[in-house]
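Work through the exercises below with the sequence and structure in view. Each task is followed by a solution in steps.

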Amino acid sequence: KKAGLDEPFCTVVMSCDDGSTHTLTIGDTYETEDGKTLYYTAIDGENLLYGVNAENDIWATVQPGDITSANIFNTYVWNIATLDVSARGDAMRFTCTGNGEDDEGYEVRRDGAQVDTERFRLLFRFLLNIYGEELYLDEMPAGEPDGEVHVTTLNGREDYTISFYQISDLKTMVARDGVPSYVIRTSALDTLAYNLSVFDDETQDFKESWQ
């Protein structure tokens with residue numbers, strides 16, 4: 001408690017492939033006789049208190065955003081098997097066939113009817129351009145999402161759902177498989193809704209930017 005470890009300002013939990021879990025906590029700082037500033041640091045299960053300088057105790061200054069990717073979608077378009085997209089009341093379901101590696105022989109259908117592959121690619125390219133602008137660390141919002149994208153892949157390795165919850169006029173929260181992750185601008189959700197509304201009109205270009 002004197003070292004500030006009863007209520008640490010930083011906790012790092014590492015889960016390993018062998019089933020073990022290690023928890024590191026960082027508490028208050030203190031100064032040594034030669035003027036160095038160190039952090040009280042402890043590892044669960046060890047009856048030791050470490051004094052570590054900021055250069056080595058990197059968790060004392062690192063932010064979650066420094067070590068996480070801001071990408072929301074990273075699926076290769078020609079590997080998509082199904083794509084369910086909804087926003088602002090519009091919803092579409094695409095089913096795709098192909099070799100999972102390139103566009104050779106790749107076909108896309110919606111409601112049983114074949115659709116233009118390039119049109120589908122451009123819609124998904126917009127999704128790839130959406131990125132997290134800040135981390136969301138609060139609880140999940142109540143109610144139904146304002147938009148949702150469910151992706152499965154031809155190789156069977158990916159099956160995930162991205163949900164969009166508008167939390168203010170300007171901000172929308174993004175969750176992956178029910179886990180909150182990022183905040184994006186609500187204009188991204190509005191642009192997705194627009195792109196869905198013009199999907200069937202090939203004379204209308206998709207909007208590629210919401211910024």
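Two strands count as paired if DSSP finds at least two bridges between them. The model used here is predicted.

**Exercise 1.** Determine in which sense β1 and β2 pair, and over how many bridges.

Solution. Step one: locate strand β2 at residues 21-31. Step two: count the bridges to β1, which come to 6, and note that the pairing is antiparallel.

**Exercise 2.** Compare the reach of helix α2 with the expected span, and list residues of α2 that are buried.

Solution. Helix α2 covers residues 186-197, which is 12 residues. From first C-alpha to last, α2 reaches 17 Å, close to the 16 Å expected at 1.5 Å a residue. Buried residues in α2 include Thr186, Ala188, Leu189 and Leu192.

**Exercise 3.** Explain why cysteine 16 is too far from the closest cysteine sulfur for a bond.

Solution. A disulfide needs two cysteine sulfur atoms within 2.5 Å. The closest cysteine sulfur to that of cysteine 16 belongs to cysteine 10 and is 17 Å away, so the distance is too far for a bond. The count of disulfides by this rule is 0.

How values were computed
Residues numbered from 1 in each chain as written. Predicted model: local features only at pLDDT ≥ 70, side-chain atom pairs only at ≥ 80, totals over all residues. Heavy atoms only, no water. Helix = DSSP H or I, 4+ residues; strand = E, 2+ residues; numbered from the N terminus. Expected span 1.5 Å × (residues − 1). Buried < 20%, exposed > 50% of the residue type's maximum accessible area, 1.4 Å probe, protein only.
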